[in-house]
Structures are given as structure tokens and as C-alpha cells.
Amino acid sequence: MTSPAAEAARRRTFAIISHPDAGKTTLTEKFLLYGGALAGGAGSVKARGDRRSATSDWMEMEQQRGISITSTVLQFPYRDCVVNLLDTPGHRDFSEDTYRVLAAADAAVMVLDAAKGIEPQTLKLFEVCKARQMPLLTFINKWDRPGLEALELLDEIDAKIGVTAAPVTWPVGIAGDFRGVIDRTTGRFVRFTRTARGATEAPEEIVEPDRAEAEEGASWTTAAEEAELLGTMGLDFDMELFLGGELSPTFFGSALTNFGVRLLLDAIIDLAPAPSPRLDEHGNARGLDAPFSGFAFKVQANMDKSHRDRIAFLRVCSGRFERGMVVTHATSGKPFATKYAHQVFGSDRETVDEAFPGDVVGLVNATDVRVGDTLWLDDPVTFPRIPSFAPEFFSVARVRDTGRFKQFRKGIAQLDEEGVVQVLRDADRGDSAPVLAAVGPMQFDVAVHRLETEFGAPVELSPTSYSVARRTDEASAPKLRSMRGVDVLSRSDGTLMALFESQYWLDRLMADQPELVLEALVAGDQPT
Ligand code: G4P
């Protein structure tokens, strides 16, 4: 039997992040194609998505909006490795969920549309990767059609997110007439050939530079000259800088035609880090061969109406997970039976019997497990909590029909536990009119939709004038409460939150009354 550490060494666990429409779904599908995991050929992921949407209201909303709200976890073999791809919602508005997914990934692939570069909506997401020093690979997609200049794109990545984009491949042929790439590690030409609708792998021919020059003419010489220039510009790959999140190996390609997909996937295997021992809340590393441990990075209820359940997605951090083992829930100290452990692909589930560090397990009926909670076996451990981001949108929720108050209360508690929205209360309003707080307004739409359809509690949301939140304490609260335009509410984790109408007002208050405790909610984690 192989050791968990040996299994971990074969794992690559990463997330794809991108602006909607940049090609994340297409690229995911092509990864599965290259991993041999698409029995139906390219196209079946989308088909699967459609089927998913038909079976649940939750997904129905996803379909109406044309965006992905829920994340899926895909596992497939590639070469001698096991790839875990954590899919993230592609919408900036729903980013809190994405941040949590990133906490469970060891690396990320940033997909950019060659014609658009870095788009403002997703900038924040990339900044978070940078702030977390996450190894980031870049795929510049849609090179099969006209786009920005390659060098311009590299500059933009550097200027906007402060990461050096170091091309591992360099395109041959202008955008729109994409012939292949120079593999900068070997200096050879990788020539791509289209297949019908990209349904099968794109044949690749490796061509020596001399022959490339003879056959491709000016396209090759221009590309070769540019590629040489990159070295003098300091844009060569550097492992240390990559692992520290300072430099991003960059690839040019076209997910639609499969051009460059294999090179990217190979780079994920060759360059991206395998799972390593995770630090616990005291800063001690939990060895990969230590007894089983993992943490929940996502909790979701009622994913499928026919199941009516609650799944906690757990990233395995150490040891061997075996279905049926009884682990301990670190927060409550209670035993937790893992009889129902699944791998979840959209709403399709497969029972998982065994998992290793880097893998993701979906635990069904994990009633007490919340986002950030640790589960362990034999040797206690608690991993640090996933930081929750400072909300910027605040609305008061009230049930429309007071006869449904019980359902409303239950639904609000559930959404709070799942982290769909943060729920803030004060002693006067109690449970009847909690303030919902979100990083993006779409979180409200999801909350309203779910309260109505899952809990039978239609709600009315009234916007508030608050836009900034700070953590405060009991000593400062009375003074803050007495001020106009400030409210102090408590979050379910016990945090006292002071809400302000404007940053300006908050800054002035902090300057005038420095004795008041007004801490940023996720100090050091949130880019400004
Ligand atoms: P997303 O998940 O990031 O939102 O993007 P998705 O893969 O759905 O791709 C968005 C659109 O961009 C799709 O077109 C897709 O076919 C197209 N696309 C993806 N990769 C490439 C590429 O390399 N080259 C070109 N030219 N197009 C690409 P659509 O018209 O919205 O959908 P469909 O009808 O093609 O499915």
C-alpha cells in the first residue's frame, strides 16, 4: 500500500479563475478530454450542465443568469498523476465563494481572453491570489482570433496585478492565423493542427528551428526574434518566483481548437506544487503521513431537490481518508461518521472509498460542519479558519407573510451557516429583521431565491445606506451606537460589526477618536 505522502506527490490540486466568457468552461472540458475523462468527447460537460439545470431550481437560476454559481470538483488522471480541478464561480459578485475555493487549492490557472486582457470585474480575484502568494499559471486564450499584442498582454498582467508574466510558450503566426508556439524550454516549434470543432486532441508536431524557419518563413523568424528578446527582458521562468506567487508561467493557446492545452496541462504537472504539509492554527505543520485530517471549504445544502441534504466539501490535508471511518469534528469535539462520502461532479455523485492529501471529498449530511471547520482522526489538529471578506452591501430582510416566520428563521440560519450571506443581528430587531451582508449583491439574489423556493419563506429586502464594516468591541459599541449614521450589530461567530455609511465618515471618526476599536475585518488578507 502506498503512503499518503507518495499519493500526495502525485496530486495536483488547482482552481481555474477567469472573467466570465474568457473560456474557463471550454478549457475545463479540454482538460478532461486530454485526461481521457470525457467518454462522450468534448461537448459533454456542457450537456451535463444542461441536465443538471433541469433537475433543480438552484441550477435553474444558474441557467437563467448564464453563470455558474456552484462550484464543482473534477478529478481525472493525467500522465502518472491525479488532477483535482476545483471549479470556481466566474462572477465577481459571487466572489466570497471563490475565495474559499482558493483556500483549498495549491495553485491557480488564470485564463484571459486575448482580446480583452484583464477585465476589471475579476481583478480583485487575481489580487487575492497575489496577496496569498499563490502559484499562478496564465493561459492566454482565444489566440485563434484577432486580439491584443502578446507583449501588451504581458505588460498588463505586470501592471495590474504585479505578477511577472513569463512566457513558456510564444505564439507563431499572428492572432487569427495561429500556427503553433515556440516552446521556450526547448527552442522548438510545436505545430498545431485543427480538428473538427476541437472534439479530439489537436495533433502536435515538434519541429526543429531550422525546419520551422524554412517552412513557416517570416512568421517563424518574427516569433523567434521576439522570444529571444523575452530573455533579455528578464522574462524567463524561475521556479522560486513562481512558487512565491511573483512570476506566472504564461501560455498562449486556444481552448476551442485545443491549441496549447496539452502544454498547459503538462506544465501543471511539472511546475505546480503537489500538496504539502499544512500549517495548523499554531503554525505547526501536519505531516502528509500523519493520521487523516481535512478542512471544509464549502458547505452546500439542497444541491439536488431529490436528495434534500447538506454536503460539506472537505479538502484532505493529511493521511488516508477511508469511507466509513469515524473522525472527530474539531469545533464540537463530536464524532462524525463518514459513511456517505462522495465525489461530486455537478450534481452527479459517485461514492468515494479512499482519498489522499489534495483530494476533495463531499460529506453528505454533515449537519454540524461549517466552512473552515477541521475534521481529524487519532491526533487532534485544527487548521486556521478561512478569512471571510469584508462585506460591502447590507440589506434588511423581512418575511413577507408572518405566518412563515419559522421557515424564515430556519432558512436564514441555514444560509448563514453555509456562508451564502453573513447575517447580522441586533438585540432590538432580533430575528425578525436581520441585516444580510455580502461581498457582492448577487449573494442577496441567491439568498432570496433560496429562502422562497427551499424554505417557503418569501422575503422582502430593503437596502440600507451602509457601505463599510469594521470589527469593534463591547467597550466601543455604546459610543458608536449613539452616533448618527453608525450601527453596531453582531455576527453569528460573535464578531461585533460597526457599519458606516461612508469610508470618509469612518476615516474621520478614526482620526478624531483613535480610542475606538475599529479594525479592518481581514487585516493583511484583503487587497485595497
Ligand atoms: P466561461 O466558462 O469562461 O464563461 O467561457 P466559455 O468556455 O463558456 O466560453 C465563452 C465563449 O468563448 C464560448 O462561445 C466559447 O465557445 C468561446 N471560446 C472559448 N475558447 C475559445 C477559443 O479558444 N477561441 C474562440 N474563438 N472562442 C473560444 P459561445 O458562443 O458563448 O458559446 P458556444 O456556442 O461556442 O458554446
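Gly23 puts a polar backbone atom 2.9 Å from an oxygen atom of the ligand, which counts as a polar contact (a pair of N or O atoms within 3.5 Å). This is a predicted model, where local features need pLDDT of at least 70, side-chain atom pairs count only at pLDDT 80 or more, and totals for chains, interfaces and linings use all residues. Residues are numbered from 1 along each chain as its sequence is written, and side-chain values use heavy atoms, with hydrogens and water left out.

**Around the ligand**

- From a side chain, Lys142 brings an N or O atom 3.0 Å from a ligand oxygen.
- The protein covers 67% of the 710 Å² of accessible area that the ligand has on its own (Shrake-Rupley method, 1.4 Å probe).
- There are 17 residues around the ligand, and Asp21, Lys24, Thr25, Thr26 and Asp144 come nearest; being near takes a heavy atom within 4 Å.
- Helix H2 (residues 24–34) gives the most to this shell, three residues.
- By type, the shell splits into four nonpolar, seven polar and six charged residues.

**The second largest pocket**

- Its volume is about 780 Å³.
- The lining has 27 residues, with Leu102, Ala103, Ala105, Arg132 and Arg278 nearest the centre.
- Helix H5 (95–103) and strand S12 (278–279) are the elements that each give two or more residues to that lining.
- Of the lining residues, 17 are nonpolar, four polar and six charged.
- Domain 1 (12–66 + 80–271) and domain 2 (278–376) each supply at least three lining residues.

How values were computed
Polar contact = N/O pair within 3.5 Å; in protein donor to acceptor, adjacent residues only side chain to side chain. Helix = DSSP H or I, 4+ residues; strand = E, 2+ residues; numbered from the N terminus. Nonpolar A, V, L, I, M, F, W, Y, C, P; charged D, E, K, R; others polar. 1 Å grid on protein atoms, 1.4 Å probe; cavity = no way out; pocket = protein on both sides within 12 Å on 5 of 7 lines; lining within 4 Å. Points joined across faces, edges and corners; volume = space filled by probe spheres on them. Domains from an automatic or database assignment.
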